[in-house]
Amino acid sequence: ISLTGLSVRTEALYNQNGQVGVWVYDMPGGTFVPVDVLSTDGTIAMIQPLTEGALQLGQTVLIK
């Protein structure tokens, strides 16, 4: 199986109002971006944003 997505540490995943996502550091406090978790090994999660283009390679995600 071949997956295409972005990888983040599992500590960067948050549940907000029943939706899993990450906080992107684009302004003070960050912006919550909902994602689908494609796979995880317990340390690293392969994710894909629900809105195409909402996450870019190299963006900083927050671990709160």
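Biologist: How many helices and strands does the protein chain have?

Modeller: Count zero helices and six strands. Going along the sequence, you read β-β-β-β-β-β. The radius of gyration is 11 Å, close to the 11 Å that the globule rule gives for 64 residues, so the chain is as compact as a globular protein of that length. Along its principal axes, the C-alpha trace spans about 40 × 20 × 20 Å.

Biologist: Now the inside. Which residues make up the largest nonpolar core?

Modeller: Look for buried nonpolar residues joined through side-chain atoms within 4.5 Å. The largest such core here has nine residues: Val 8, Ala 12, Val 22, Val 24, Val 33, Val 35, Ala 45, Ile 47 and Leu 55. Strand 3 (19-24), strand 4 (31-40) and strand 5 (44-49) each supply at least two of the core residues. Pick Val 24 and click around: not counting residues up to four places away in sequence, Val 24 touches Gly 30, Thr 31, Val 33, Leu 55, Gln 59, Thr 60 and Val 61.

Biologist: What about Phe 32: buried or exposed?

Modeller: The cut-off for buried is under 20% relative accessible area. Phe 32 has 17% relative accessibility, so Phe 32 counts as buried. Phe 32 is in strand 4, and beyond residues up to four places away in sequence its contacts include Tyr 14, Gln 16, Val 22 and Trp 23. Over the whole chain, 25% of the 64 residues count as buried.

Biologist: Is Asn 17 buried or exposed?

Modeller: Asn 17 has a relative accessible area of 80%, so Asn 17 is exposed. You'll find Asn 17 in the loop between strand 2 (14-16) and strand 3. Check the backbone angle too. Most residues other than glycine have a negative phi. Phi of Asn 17, though, is near 55°, a positive value.

Biologist: Which backbone atoms does the side chain of Thr 40 reach?

Modeller: For polar contacts, look at pairs of N or O atoms within 3.5 Å. The side chain of Thr 40 reaches the backbone nitrogen of Gly 42 at 3.1 Å and the backbone oxygen of Ile 44 at 3.2 Å. Thr 40 is in strand 4, and apart from residues up to four places away in sequence, Thr 40 touches Thr 10 and Ala 45.

Biologist: Last one: what is the mean pLDDT of the protein chain?

Modeller: Where pLDDT is low, the predicted coordinates should not be read in detail. Here the mean is 92, and 95% of the residues reach 70 or more. Confidence is lowest in strand 6, at a mean of 92, and highest in strand 3, at 97.

How values were computed. Residues are numbered from 1 along each chain as its sequence is written. Side-chain values use heavy atoms; hydrogens and water are left out. Buried means under 20% relative accessible area, exposed over 50%, partly exposed in between (1.4 Å probe, protein chains only). Helices (H or I, at least four residues) and strands (E, at least two) are DSSP runs, numbered from the N terminus. Contact means heavy atoms within 4.5 Å. The radius of gyration is taken over C-alpha atoms; the globule rule is 2.2 Å times the number of residues to the power 0.38. A polar contact is a pair of N or O atoms within 3.5 Å; within protein, one must be able to donate a hydrogen and the other to accept it, and residues adjacent in sequence count only if both atoms are side-chain atoms. pLDDT is the predictor's confidence in each residue, from 0 to 100.
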